[in-house]
Amino acid sequence: MTIKNLLFALSTLIFLGACESDSQADKLRAKIEKIENEIQEKSIAKNELEQELKLLDPEYAKQQDKSVLVETQVVSQQYFEHKIQVQGEVASRKNINMSAETMGRVTQINVEPGDLVNKGQILIRLDAATMQNSVQELKTSLELATTIYEKQKNLWDQEIGTEVQYLEAKNRKESLERQLATLQSQLNMSTIRAPFAGRVNSVDIRTGEIAQPGAPIVSVVSNEEMYLKADVSEEYISDFTEGDSVDVFLPSLQKSFSTNVSAISYVINPANRTFQIDVKLNDNRSKVKPNQFVRMDLVDYRNEDAILVESEIIQQDNLGDFVFTVQEKDGKKIAKKVQVKRGQTYDGKTEILEGLLPGAEVISVGQRDAVDGITIKISK
């Protein structure tokens with residue numbers, strides 16, 4: 001076995017070992033979660049059985065009837081928003097790779113990576129000696145044609161000569177002018193100029209090499225028209241509009257700022273079922289670079305009058321989600337189990353859609369020790 005094959009086999013074993021380790025860890029996590037759920041369910045069932053036994057056995061009730069110390073909070077209507085996090089990047093509308101429009105040998109390179117350039121500045125020249133000679137020949141021929149045309153026109157204005165002679169002179173002059181304009185346009189293709197003011201990012205050709213049309217030879221970038229972009233699942237296609245607020249985090253700079261959505265794509269990418277959103281960069285252009293990684297938090301749901309509770313106080317039984325509220329019975333405060341229907345959850349808060357009304361007092365600390373009907377003592 002060659003060293004190359006040995007290294008490949010070793011890397012394969014390491015990869016398989018890592019995959020197996022991850023798989024084993026996931027299995028252990030699942031088992032722990034299952035056990036925790038079973039403990040919670042058995043604890044709830046035990047407490048409920050104890051309550052039933054208290055009703056049947058007064059002596060047992062006297063022994064077990066102790067107050068549970070809890071903390072509570074009053075439910076109120078609050079503004080609530082749910083956000084999703086997407087990964088994006090810095091993009092630029094002025095970040096281009098330039099190529100030659102015609103084939104030619106590079107005779108002059110005027111810039112290096114990192115140079116600042118102005119709009120219209122010549123970056124690279126291609127060999128155009130033959131074309132320049134052709135331009136000079138045409139200019140000479142045009143000068144003669146123009147002189148003949150002017151003389152012929154003067155004669156024609158004096159009704160001397162024939163109209164055919166005048167038209168032939170005029171046609172000759174105009175034809176040479178068009179040929180010169182075409183040749184001049186081709187000559188201009190031998191010089192590559194900066195399309196805007198910016199900075200040279202790279203030069204991918206050397207003096208003496210042949211430039212091929214379409215092959216990148218120099219790139220120029222500007223920070224004037226940079227923005228952020230991200231791909232978002234089509235699941236959220238109706239959740240965002242232009243102007244929505246966006247929280248942006250740049251991990252490489254450890255910088256956060258808020259901005260707005262500037263544009264939303266009208267087309268779904270069939271390859272990954274996403275649509276693109278563009279986000280304004282505001283005044284942070286000088287500190288970022290194209291293709292830099294960003295994280296964006298987008299608000300996909302809002303409720304002006306949501307009933308919110310801490311997510312950790314919600315428990316589950318075989319009927320679904322529930323919380324404990326505080327009620328009065330025989331002059332004592334007791335815990336009352338209330339089934340609820342939860343909505344969105346974000347940042348440790350959960351929206352309650354059904355089961356609670358504003359003003360309800362819920363147990364926020366000690367809810368794991370409470371059972372339906374147990375006497376409670378509220379901590380001050």
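Residues are classed here as buried when their relative accessible area is under 20%, as exposed when it is over 50%, and as partly exposed in between (1.4 Å probe, protein chains only). The model is predicted, so local features need pLDDT of at least 70 and side-chain atom pairs count only at pLDDT 80 or more, whereas totals for chains, interfaces and linings use all residues. Residues are numbered from 1 along each chain as its sequence is written, and side-chain values use heavy atoms, with hydrogens and water left out.

Gln367 counts as buried because its relative accessibility is 7%. Gln367 is located in the loop between strands E21 (361-365) and E22 (376-378); strands are DSSP runs of at least two residues, numbered from the N terminus. Leaving aside residues up to four places away in sequence, Gln367 touches Glu312, Ile313, Gln315 and Phe324 (contact: heavy atoms within 4.5 Å). A polar atom of the Gln367 side chain lies 3.3 Å from the backbone oxygen of Glu312.

The whole structure contains 13 salt bridges, each defined as a side-chain nitrogen of Lys or Arg within 4 Å of a carboxyl oxygen of Asp or Glu. One of them pairs Asp247 with Lys83, with the closest N and O atoms 2.6 Å apart. This pair links distant parts of the chain, 164 residues apart, with Asp247 in strand E12 (residues 245-250) and Lys83 in strand E2 (residues 77-92). Asp247 is partly exposed at 27%, while Lys83 is buried at 16%.

A salt bridge also joins Glu328 and Lys333, at 2.9 Å between the closest N and O atoms. Glu328 is exposed at 54% relative accessibility, and Lys333 is partly exposed at 31%.

How values were computed
Helix = DSSP H or I, 4+ residues; strand = E, 2+ residues; numbered from the N terminus. Polar contact = N/O pair within 3.5 Å; in protein donor to acceptor, adjacent residues only side chain to side chain.
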